[in-house]
Amino acid sequence: LEPMMALAPIASATERATVGLMVAANTYRNPALMTKMITTLDHISGGRAILGIGAAWSEYEHSGFGFEFGASIGERLAWLREALPVIRGMLRGERPTAAGNRYRMSEVVNDPPPLQAHLPILIGGSGPRVTLRLVAEYADMCNIGGPPERVAERDAGDAVPVRFLLDPAGVGEHGAGAEEKRCEVEQPERRYQVRTRAGECDIAWAQFVRVRNSNTIAETTRCN
């Protein structure tokens, strides 16, 4: 199914769930169109949408559908870098203009705006040289796949005060059938969610605390 269209009836049939993709490939949709789509979803859901976006990774899928994949991950990240100011600007009520190598737009309007005054942006990826810098500049959250050691490594500094989503089991969006639990930890500047298979929540959290090994780890945790 086309994921954004599939989210519309889900948004209409639910009342509390946050709705969005983790994450959509930037290469599949013009960023202005993507912003209009997530804004529409925000209205349908009554203000519960979240925009998840990444540089894209599946060459096979791009080839099959005829989407341009780019020569390298560096080029796709450059496209994402061009797209994000347009997306964030439109979501914030601005009229952004783009004149880059990939996108060209002139004072694009998003009217009506989202119901949420600050519709969250989530960026998928963990590259420290480019992706996490984009997270720090444009996003509210970041999705990272891998074991607790990986998110601890990515959080070694204080440059990216955003929410990290960690998938220790490597389940990702393709493992929706797996039973999961969530652990959350809150700090003054960060909120971590450790997502893992049922029964492993405490183990994953213990690993995360051990590898983070910092006095700034939160005082409160919650598993549900």
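Buried residues account for 45% of the 224 residues in the protein. The model is a predicted one, and in it the chain forms 7 helices and 10 strands. Take the contacts between residues at least 6 apart in sequence: 56% of them join residues at least 24 apart.

Helix α2 is a handy place to start looking at the interior. How far apart are the end C-alpha atoms of α2? They sit 21 Å apart, and at 1.5 Å a residue the 15 residues of α2 should span 21 Å, so the two values agree. The buried residues of this helix are P31, A32, M34, T35, I38, T39, L41, D42 and S45. In an α-helix there are 3.6 residues a turn, so residues three or four places apart point the same way. What covers the buried residues of α2? The cover includes the helices α1 (3-13) and α4, along with the strands β1 (24-25), β2 (51-54) and β4 (104-105).

Next comes the pairing of α2 with α4. Two packed helices are described by the angle between their axes and the distance between the axes. For α2 and helix α4 (residues 73-91), the axes come within 9 Å and cross at roughly 35°. The crossing in which α2 passes α4 is right-handed. On the α2 side, the contact is made by P31, A32, T35, K36, I38 and T39, while α4 brings in A83, V86, I87, M90 and L91. Sorted by class, this contact has 8 nonpolar, 2 polar and 1 charged residues.

A32 gives a residue-level view of that region. It belongs to helix α2, which covers residues 31-45. With a relative accessible area of 11%, A32 falls under the 20% cut-off and therefore counts as buried. Leaving aside residues up to four places away in sequence, A32 touches V86, M90, M105 and V108. Of these, V86 and M90 are among the α4 residues in the helix contact. A32 and R88 are 56 residues apart along the chain, yet their C-alpha atoms are separated by 9.9 Å.

The backbone has a few spots worth a look on screen. Which peptide bonds are cis? One of them runs from M22 to V23, with omega near 0°; V23 is in the loop between α1 and β1. Another cis bond links D111 to P112, with omega near 10°, and P112 is found in the loop between β4 and β5 (121-124).

Positive phi angles turn up as well. A56 is not a glycine, but its phi is positive, at about 90°. This residue lies in the loop between β2 and α3 (59-65). Is A56 buried or exposed? Its relative accessibility is 12%, so A56 counts as buried. E107 is likewise not a glycine, and has a positive phi of about 45°. E107 is found in the loop between β4 and β5, where P112 is also placed.

The loop between β4 and β5 also holds H118. With a relative accessible area of 44%, H118 is partly exposed. Which residues does H118 touch, not counting those up to four places away in sequence? They are R92 and D140. H118 and I50 are 68 residues apart in sequence, with a C-alpha to C-alpha distance of 9.8 Å.

Finally, E153 lies in helix α6, made up of residues 148-154. At 52% relative accessibility, E153 is over the 50% cut-off and so counts as exposed.

Conventions:
Residues numbered from 1 in each chain as written. Predicted model: local features only at pLDDT ≥ 70, side-chain atom pairs only at ≥ 80, totals over all residues. Heavy atoms only, no water. Helix = DSSP H or I, 4+ residues; strand = E, 2+ residues; numbered from the N terminus. Buried < 20%, exposed > 50% of the residue type's maximum accessible area, 1.4 Å probe, protein only. Contact = heavy atoms within 4.5 Å. Axes fitted to C-alpha atoms, helices over the stretch in contact; angles between N-to-C directions. Left-handed = near helix turned anticlockwise from the far one by under 90°. Nonpolar A, V, L, I, M, F, W, Y, C, P; charged D, E, K, R; others polar. Expected span 1.5 Å × (residues − 1).
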